[in-house]
Amino acid sequence: MGCCGSTDQKKRDWKPLEERSCTDVPWLIIFLLFGIGMLCICGYPIATGGASRLISGYDSYGNTCDHNNTKIEGVPLSGRDMTENKYVFFLEPCNLDLINRKIKSIALCVSKCPTTELNNYDDLKKFALNNGSYLCSYDISATRYTSHSERFTKCPKLPVPPSKAFPLFHRCIPVDISCYAEFAQAFITFVSDNTVMRRVIAGVMASKEIIMGLCVLALVLSLIMMVVIRYISKVLVWILTILVIIGSIGGTSVLWWLYVDSRKALDNHTMSVFGKEVAADNVKALLVYSIGATIFTVILLLVMFFMRKRVALTISLFHVAGKVFVHLPLLALQPFWTFLCLMLFWVYWIAVLLFLGTTGAPVKNNSTNVVEYHMQGPLQYLVWYHAVGLIWISEFILAFQQMTIAGAVVTYYFTRNKSQMPATPILSSMARTIRYHLGTLAKGSFIITLVKIPRLILTYVHSQLKGKENACARCMLKACVCCLWCLEKCLAYLNQNAYTATAINSTNFCTSARDAFLILVENALRVAAINTVGDFVLFMGKVLIVSCTAFAGILALNYQRDYTVWVLPLLIVCLFAFLVAHCFLSVFENVVDVLFLCFAVDTKYNDGSRGREYYMDKALMEFVENSKKMGWSKADDGDGREMKSMVRGETVA
């Protein structure tokens, strides 16, 4: 069926993956128009010279280096021919403005960067006459460098350190980075002994090969964990169960012991009236805490008892998820492709943002007589449009990964004969997503963007007003940020399941979100079990990967005698191991969520009878059979309803 086809809305048997149609086409058009706007924002600084000013550099008088410039009104030293002067030279390259993140110095366009140290004005004069590169202001001739009255303000600060041109951006950067000692001072002030910092940095440099090797080890362990976690999930679940039981019963017992001990102390000891009142209050408080802990423990144990079968479902889903990665090994590469796409987009976004920073009309700062470029009028809001694009397109890239994973796993689940699966299920899922469902991704990612933007704005406002607002305002801001964060997480989870429903039935975003929500509500206890037990199992997997990597790091670094401090290298390795484990096991978590929705739909609309056979894997089939033997109905309702389609307008008979 072509992209312009439509899904038949009449009642029909539910046949996943057999029909495809474009979903949310208007949102795809909106997203494409927004993308065209982003490209126009990129084209504006290129067309107006902002990009060329950033790359070629410009001096403090508005002249772009390596260009023939036009005169700026009110700036006498502007409008000069700089085609021979290709590099930007700063009179005080080490005078950094940390707040505004720029160099507080007069900038000039020069033909050559000084490669040797210039100690006096005579050296400046000789360098200018021999190389044709004038390091003092344009209104001072080279022959007057040694005698001009303004040489102390319009010539570089002595001694001039040797420098070289920074690749691509044509700036003269001092070769000796000790020039930035004042900037580095803010970083190392917390270290009382500078030799400690030197030893730590030396340790990192000396152990760079070991760090790289341990990072590769963390990557390999993460890949192995995604396959073998199905075999250890049952053990981890039992560990969780035992820890919860011991913790709840033990905590309640301690509270009751403290209550009894305090009660005896109150009855047997003589104390002042005030002391007795305090002790009596403590006894009452302990009694309240003990009763509350007992009620909580009883409820928790009852919930665990009634949810034990659903915990078995979590174990079965983990087992099947491990099989999915065996049949679809390219799923493990999804974090790589997503990370690469995000990095490329972020580099592009930052480059355009820098272009916009040098775009606009030249404005003279009367206090410093320096020319700066500022966008005025409606054009200044281009930065806000660009910022919204950062969030929306980043969320769109993440949504594309989720839809790709959902499409591949849905294909695996609903293909009875696994030998008949497409040769490349991941690429097939990507192709289906690009052809049919980009509009759905655009709509889902835009919803997340709508929630994320006000949360980021409130977070920024809170950081700017820190220490200035009253306690009530601070509490309200934190509450709003917290509520928006919770709403964002809930919508992200619903979006993920909506993408799965779209992958199954090819319905639009709203229909898919509604159907997925109803399925999740009908299986609320199962969802709770999977999200709690499953998250714990995955967390234990991350801890295992980090622990193994750290253990290997300790063994490797302990026998490295070239340095004395290896705490920082070990911390770097552990942090990288956790990030890698989080990325890969998050993909595993996505696979489990997709499998659960497929399983919930399968058990709702099928009962295993002739003509209504299950699609599920053998492990899930065994779970269903065991549930039936124990008297637990297949869909928590036991009504044996006939299977209908997950499409708009249909109801369950």
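Modeller: Start with K126 and D122. They sit 4 residues apart in helix α3, so about one helical turn separates them. (Helices are DSSP runs of H or I with at least four residues, strands are runs of E with at least two, and both are numbered from the N terminus.) The two side chains form a salt bridge, with the closest N and O atoms 3.4 Å apart. The term means a side-chain nitrogen of Lys or Arg within 4 Å of a carboxyl oxygen of Asp or Glu.

A word on the ground rules. This is a predicted model, where local features need pLDDT of at least 70 and side-chain atom pairs count only at pLDDT 80 or more, while totals for chains, interfaces and linings use all residues. Residues are numbered from 1 along each chain as its sequence is written, and side-chain values use heavy atoms, leaving out hydrogens and water.

Are the two partners buried or exposed? K126 is partly exposed, at a relative accessible area of 46%. D122 is partly exposed as well, at 33%. The cut-offs explain the wording: buried means under 20% relative accessible area, exposed means over 50%, and partly exposed lies in between, with a 1.4 Å probe and protein chains only.

Now move along the chain. S133 is in the loop between α3 (121-131) and α4 (151-154). S133 counts as buried because its relative accessible area is 0%. What does S133 touch? Beyond the residues up to four places away in sequence, S133 touches V110, S111, K112, F127 and A128. Contact here means heavy atoms within 4.5 Å. A polar atom of the S133 side chain lies 2.7 Å from the backbone oxygen of K112.

Strand β4 spans residues 107-110, and both its faces are covered. A107 and C109 are buried on one side, and L108 and V110 are buried on the other. Strand β1 (residues 87-90) runs antiparallel to β4, joined to it by 4 bridges. (Two strands pair if DSSP finds at least two bridges between them.) Within this pair, F89 stands opposite L108.

K154 and E150 meet in a salt bridge, 3.2 Å from N to O. K154 is partly exposed at 22% relative accessibility, and E150 is partly exposed at 35%. Further on, P159 is found in the loop between α4 and β5 (163-165). A cis peptide bond joins L158 and P159, with omega about -10°. Why point that out? Most residues other than glycine have a negative phi, and most peptide bonds are trans.

D24 is not a glycine, yet its phi is positive, about 55°. D24 belongs to the segment before α1 (25-48), and is buried at 12% relative accessibility. S506 also has a positive phi, near 60°. S506 is in the loop between α14 (471-505) and α15 (509-522). With a relative accessible area of 2%, S506 is buried.

R455 lies in helix α13 (residues 438-464). Apart from neighbours within four places, R455 is in contact with V481, L484, W485 and E488. The side chains of R455 and E488 meet in a salt bridge of 2.8 Å, N to O. This pair links distant parts of the chain, since R455 is in helix α13 and E488 is in helix α14, 33 residues apart. Salt bridges with shared partners join E395, K452, R455 and E488 into one network. Both R455 and E488 are buried; for R455 the relative accessible area is 15%.

Last, step back. How many salt bridges does the whole structure hold? The search finds 9. The protein chain has 18 helices and 8 strands. Of its 653 residues, 42% count as buried. Among contacts between residues at least 6 apart in sequence, 71% join residues at least 24 apart.

Note on methods. A polar contact is a pair of N or O atoms within 3.5 Å; within protein, one must be able to donate a hydrogen and the other to accept it, and residues adjacent in sequence count only if both atoms are side-chain atoms.
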